[in-house]
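Dear colleague,

Please find below the structure that I am handing over to you.

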Amino acid sequence: MTLLPWVTAVTGLSLLCWLWLACCQGLFWRTDLRMPPHRPEPVLWPAVAIVVPARDEAAVLPLSLPGLLAQKYPGRARVILVDDHSSDGTADVARALADQCPEGLPLTVTTPPALPAGWTGKLWAVRHGVELAGEVEWLLLTDADIAHGPETLAALVSGAQAGRLDLVSQMARLRTETRWEQLIVPAFVYFFAQLYPFRWSNRPGARTAAAAGGCSLVRREALERAGGVAAIRGAVIDDVSLARAVKRGGGRTWLGLAERPEELRVLSVRPYPGLGPLWRMVSRSAYAQLRHSPPLLLGTVLGLALIYLVPPVATVAGPLTGHWGLAATGAAAWALLTATYLPMTRYYDRPAPAALLLPFTALLYLLMTVDSAVQHYRGRGAAWKGRTY
């Protein structure tokens with residue numbers, strides 16, 4: 001009985017947190033930030049280079065590279081695939097795919113020098129691609145596992161030009177074919193938006209800055225003004241670091257969700273067939289997101305528990321113990337968190353009841369974050385394809 005006031009207070013605090021998050025956290029839960037449907041076309045289409053860092057990506061390139069080569073772009077554009085010392089024939093696969101698209105954009109396949117100290121492999125490859133791009137006005141930085149619709153590049157450039165932006169980024173639609181993907185993936189985007197509300201990030205002068213590494217169109221001049229790729233050379237979470245650097249240099253950024261029409265799609269084709277690969281995908285960078293800080297880790301664990309775990313526990317425990325007020329408060333908080341998650345489940349074509357599972361998914365993310373810290377202190381943090389940062 002002596003614990004009841006404390007449990008009731010914690011549940012009430014959880015409800016207050018959700019009222020604040022729903023109303024005051026940049027409307028992070030909305031999914032309507034997309035590229036404007038009607039974009040005035042530039043009088044002169046600027047030159048663009050598409051830079052694709054790739055390490056052991058032979059399996060996914062047939063699903064992604066043809067879409068880049070088939071871009072319907074009215075101006076001058078080329079694709080630069082930087083083979084980051086792959087061992088699976090990535091470069092050969094890329095050249096063979098280009099031979100099958102003789103009327104597509106020209107493709108250059110290159111390999112960077114050996115990885116120097118202080119750089120992540122991806123950013124070292126991106127730097128090499130940017131150097132080869134020559135005097136172009138725009139650079140589209142994308143990943144080897146991202147499939148683009150044929151009109152994506154033109155839409156990004158026209159949107160950037162019309163909005164006088166220096167960085168335009170779209171959060172790719174991630175694959176949700178397996179049950180684990182359906183459970184984990186929508187929450188991944190939801191949590192990212194909660195941490196970096198898109199509307200705040202898109203506001204000039206706001207401290208919040210974010211981008212999505214799978215699809216970021218950046219003005220070359222703005223990148224150079226921000227210090228170039230070297231300014232973020234050691235960043236594990238390179239997309240957010242890029243947006244911050246561009247904003248610090250006085251640039252304007254925009255981030256939104258990928259469009260749904262096939263011609264404008266930005267779709268991740270990398271499969272995550274089970275919980276293990278998804279777990280590693282999240283835990284690889286979770287502790288880096290917390291700047292490897294034990295106090296931030298503790299605060300994150302307590303925060304996740306308060307916001308996502310307390311409501312369902314109180315909802316179930318209230319009737320079992322005869323404390324209906326506790327159950328009502330917990331149910332109200334659970335209903336509110338479910339309501340904020342519904343737009344994201346719709347975006348990923350999930351049924352409405354799936355939103356009720358967010359607390360369970362949040363528990364998995366809590367465990368992934370703790371595991372990320374454990375792996376960091378074991379010297380295995382941020383491991384990716386044979387490299388550990």
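Helices, which are DSSP runs of H or I with at least four residues, and strands, which are runs of E with at least two, are numbered here from the N terminus. Please bear in mind that the model is predicted.

I begin with helix α12, which covers residues 324-347 and so numbers 24 residues by the definition of a DSSP run. From its first C-alpha to its last, α12 reaches 35 Å, close to the 34 Å expected at 1.5 Å a residue. The helix bends by about 35° at tyrosine 341, and proline 343 follows within four residues. Just after α12 comes aspartate 349, with a positive phi of about 60°. Aspartate 349 is a residue other than glycine, and its place is in the loop between α12 and α13 (358-377).

Helix α5 (residues 152-163) has 12 residues, and it reaches 16 Å from its first C-alpha to its last, close to the expected 16 Å. Because 9 of its 12 residues are buried, α5 is largely enclosed by the rest of the structure. The buried residues are Thr152, Leu153, Ala154, Ala155, Leu156, Val157, Ser158, Gly159 and Ala160. After α5 comes arginine 164, which has a positive phi near 55°.

A further positive phi, of about 55°, belongs to arginine 291, which is not a glycine. This residue sits in the loop between α10 (275-289) and α11 (294-321). Arginine 291 is exposed, since its relative accessible area is 64%, and the cut-off for that class is over 50%.

I turn next to the interior. In soluble globular proteins, nonpolar side chains tend to be buried together. In this model the largest nonpolar core has 80 residues, and those with the most contacts inside it are Trp18, Leu65, Leu153, Tyr190, Leu217 and Tyr308. Helix α6 (residues 179-195) supplies the largest share of this core, 9 residues. Apart from it lies another core, of 29 residues, which includes Trp119, Val136, Leu141 and Ala211.

Which residues does tryptophan 18 contact, leaving aside its neighbours within four places in sequence? They are Phe28, Tyr190, Gln194, Ile307, Tyr308, Ala333, Leu336, Leu337 and Thr340.

Glutamine 170 is found in strand β6 (residues 167-171). Is this residue buried or exposed? Glutamine 170 has a relative accessible area of 3% and is therefore buried, the cut-off being under 20%. Its contacts, leaving aside neighbours within four places in sequence, are with Met35, Thr152, Leu156, Ala212, Cys215, Trp254, Gly256, Leu257, Ala258, Glu259 and Val266.

Valine 240 belongs to helix α9. It counts as buried because its relative accessibility is 2%. Beyond four places in sequence, valine 240 is in contact with Phe192, Tyr196, Ala209, Ala210 and Ala211.

Alanine 206 touches Trp200 and Lys247, not counting residues up to four places away in sequence. Although alanine 206 and lysine 247 are 41 residues apart along the chain, their C-alpha atoms are separated by 8.8 Å. Threonine 208 is buried, because its relative accessible area is 18%. Leaving aside its neighbours within four places in sequence, threonine 208 is in contact with Tyr196, Pro197, Trp200, Ser201 and Lys247.

How many cavities of 30 Å³ or more does a search of the whole structure find? The search finds 3. The largest cavity has a volume of about 150 Å³. Its lining is made up of 16 residues, of which Leu123, Val126, Leu141, Asp238 and Leu242 lie nearest its centre. The elements that give two or more residues to this lining are β1 (48-54), α4 (121-132), β4 (138-142) and α9 (238-248).

Yours sincerely

Conventions:
Residues are numbered from 1 along each chain as its sequence is written. This is a predicted model: local features need pLDDT of at least 70, side-chain atom pairs count only at pLDDT 80 or more; totals for chains, interfaces and linings use all residues. Side-chain values use heavy atoms; hydrogens and water are left out. The expected span of a helix is 1.5 Å times one less than its number of residues. The bend at a residue is the angle between axes fitted to the seven residues ending there and the seven starting there. A nonpolar core is a set of buried Ala, Val, Leu, Ile, Met, Phe, Trp, Tyr and Cys residues joined through side-chain atoms within 4.5 Å. Buried means under 20% relative accessible area, exposed over 50%, partly exposed in between (1.4 Å probe, protein chains only). Contact means heavy atoms within 4.5 Å. On a 1 Å grid over the protein atoms alone, a cavity is a set of points where a 1.4 Å probe fits but cannot get out, and a pocket is an open set with protein on both sides within 12 Å along at least five of seven lines; lining residues have an atom within 4 Å of a point. Grid points are joined across faces, edges and corners, and a volume is the space filled by probe spheres set on the points.
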